[in-house]
Amino acid sequence: MSGPLLEIDGLCKAYNGRPALIDVALDLWPGEVLAIVGESGSGKTTLLRCIDGQVAPERGAIRFDTRAQGMVDLTLLNEARRRRLLGNDLGYVHQNPRDGLRLELSAGANIGEPLLQAGHRHYGRIRATAESWLAKVEIDPGRIDDLPKHFSGGMQQRLQIARNLVTNPRLVLMDEPTGGLDVSVQAKLLDLLRRLAADLDLAIILVTHDLGVARLLADRLMVMQAGRIVESGLTDQVLDDPHQPYTQLLVSSVLQL
Amino acid sequence: MTMPSTTPLLEAKGVSKSFTLHARDRLRLAVLSEIDLAVRPGECVVLDGPSGAGKSTLMRTLYGNYRADGGAILVQRDGETRDLVRATPREILALRRDTIGYISQFLRVIPRVPTIEIVAEPLTALGIDREEARKRAASLLARMAIPERFWALPPVTFSGGEQQRVNIARGLIAGHPVLLVDEPTASLDSVNRQTVLALLQEARDAGAAIVAICHDDVTRAALATRYYKIPLRVQAT
């Protein structure tokens, strides 16, 4: 644990001249959970996509501490080099599990496929790993050969998380991972994420509009509005002592339970 | 009682805190100004002052939950002095893990997590083995008179007094040298109040520096080594 895992500065991105990210900077250390909150269109998802390489920023640096070669500015890499240097260091959990799963493959194959891509060849061992990951995300390992479309939304989301974590990433980006789920299923997923992050020393960037989720899961919180970071700090500081007008509005708009 | 001459474990110097309410025409509320408070090992300072004087605000500021406007909050950690007002989020998290404990009035936890895990968590966060952490959590819960059949259940369905005892167990288990305690006995019956009081006295006598808010006279008298009256604020214009 020598330094930050991720350092972003001066990140800018516009869509058709409309700014989506304006001079965004952040750093993240191994094992830290950072939540990004803000209304739709504030740039949260664009930021995740820039880190994930789905979207190319116009300016700025995204430095990531790769296992292969240490700190690398991801914005300077072409797709092939990016894939080689990043390996399995980075995961992405989509809001809709159907975007992150292979629906025509069984649950076991969904977990095994990233291992195959990483060069694992021993079928029995891959299957055993898939079984143990199903158990870790609280899916009955007896359903290893079922297709994900026969799973509930909550189970699909847990399967997507297993598919992401099986290759032992250092950072996982999550876009509203509890978004489409019932409240009771959300709680189960939050508990699971919290335990996995602690056990695996995993860093997470979590985009959410749910301040309750952010409070329970995140060490640090960043508030975005119209492409800018307007406030950031420890999660409980930002939520209990918000300084910026927009953050105060956001916090005061939440129903107290 | 003689004044201990050791270095304070926690020291507020000239701490001020105000809130600006943007939705109310940037109304500025000054709550704390020029707070000086030093707490040494083995001391328990009970905060005094009427409701609204800023007792809870001071506690939360000392924990880094509220961000002080000015001054310094010096905390001893590993023989070094850290200033909470200038510390980065990572440094504050580290201080909270092993140095400053805060026992709030209410338990706030992830739904569905079993009580014993909630109590053991501050120990596992320090790198203590999960089995050992659970063992120590079990013995503390037993001392708190939380029936063993409840340990595997999440505390949401517990009574107010049971939740408060779980909260106190979680707050005390890691043996933080600095403890901030907000109304520890508010919803407890006299037997449980005695238990909590004894635990806090043990922590104090073992050398913890404690700051407490407490309205119950029996607990105040038994716990306090001195009182600190929050000074009247200078309202800025």
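What follows is a chat about a predicted model with chains A and B.

Colleague: How is chain A divided into domains, and how many Å apart do the C-alpha centres of the two lie?

Modeller: This is a predicted model, so keep that in mind throughout. Domain 1 of chain A takes in 1-89 + 170-257, while domain 2 covers 94-168. The C-alpha centres of these two domains of chain A lie 24 Å apart.

Colleague: Which element gives the most residues to the side of domain 1 of chain A that touches domain 2 of chain A?

Modeller: In that contact, 14 residues of domain 1 of chain A meet 15 residues of domain 2 of chain A. On the domain 1 side, the elements giving two or more residues are β7 and α7 of chain A. That side has 8 nonpolar, 3 polar and 3 charged residues. With 6 residues, the biggest giver is α7(A).

Colleague: What should helix α6 of chain A span at 1.5 Å a residue, and how far apart are its end C-alpha atoms?

Modeller: The helix runs over residues 153-165, which makes 13 residues. At 1.5 Å a residue, α6 of chain A should span 18 Å. That agrees with its end C-alpha atoms, which are 18 Å apart.

Colleague: Why does A:Ala197 count as buried?

Modeller: A:Ala197 lies in helix α7 of chain A. Leaving out residues up to four places away in sequence, A:Ala197 touches A:Val33, A:Leu202 and A:Ile204. The cut-off for buried is 20 or more other C-beta atoms within 10 Å. A:Ala197 counts as buried because its number of C-beta neighbours inside 10 Å is 21.

Colleague: Which element gives the most to the side of chain A that touches chain B?

Modeller: The contact takes 19 residues from chain A and 14 residues from chain B. On the chain A side, two or more residues come from each of α7, β10 (228-234), α9 (235-240) and α10 (245-252) of chain A. By class, the residues on that side are 7 nonpolar, 4 polar and 8 charged. Giving 5 residues, the top contributor is α7(A).

Colleague: Turning to chain B, what is its radius of gyration, and how does that sit with the globule rule?

Modeller: Chain B has 7 helices and 9 strands. For its 237 residues the globule rule gives 18 Å, and the chain's own value is close to that, so chain B is as compact as a globular protein of that length. Its radius of gyration is 18 Å.

Colleague: What percentage of the contacts in chain B between residues at least 6 apart in sequence join residues at least 24 apart?

Modeller: The C-alpha atoms of chain B fill a box of roughly 55 × 50 × 35 Å along the principal axes. Of its 237 residues, 39% count as buried. For the contacts you ask about, the share is 70%.

Colleague: Which residue in the turn between β1(B) and β2(B) has a positive phi?

Modeller: Strands β1 (residues 10-21) and β2 (residues 27-39) of chain B pair in the antiparallel sense over 9 bridges. Within this pairing, B:Thr20 stands opposite B:Arg28 in β2(B). The two strands form a hairpin with 5 residues between them, and the turn residue with a positive phi of about 60° is B:Asp25.

Note on methods:
Residues are numbered from 1 along each chain as its sequence is written. Chains are lettered from A and ligands numbered from 1 in the order in which they are written. This is a predicted model: local features need pLDDT of at least 70, side-chain atom pairs count only at pLDDT 80 or more; totals for chains, interfaces and linings use all residues. Helices (H or I, at least four residues) and strands (E, at least two) are DSSP runs, numbered from the N terminus. The expected span of a helix is 1.5 Å times one less than its number of residues. Domain bounds come from an automatic or database domain assignment. Two residues are in contact if their C-beta atoms, placed from the backbone, lie within 7 Å. Ala, Val, Leu, Ile, Met, Phe, Trp, Tyr, Cys and Pro count as nonpolar, Asp, Glu, Lys and Arg as charged, and the others, Gly among them, as polar. The radius of gyration is taken over C-alpha atoms; the globule rule is 2.2 Å times the number of residues to the power 0.38. A residue is buried if 20 or more other C-beta atoms lie within 10 Å of its own, exposed if 12 or fewer, and partly exposed in between; C-beta atoms are placed from the backbone. Two strands pair if DSSP finds at least two bridges between them.
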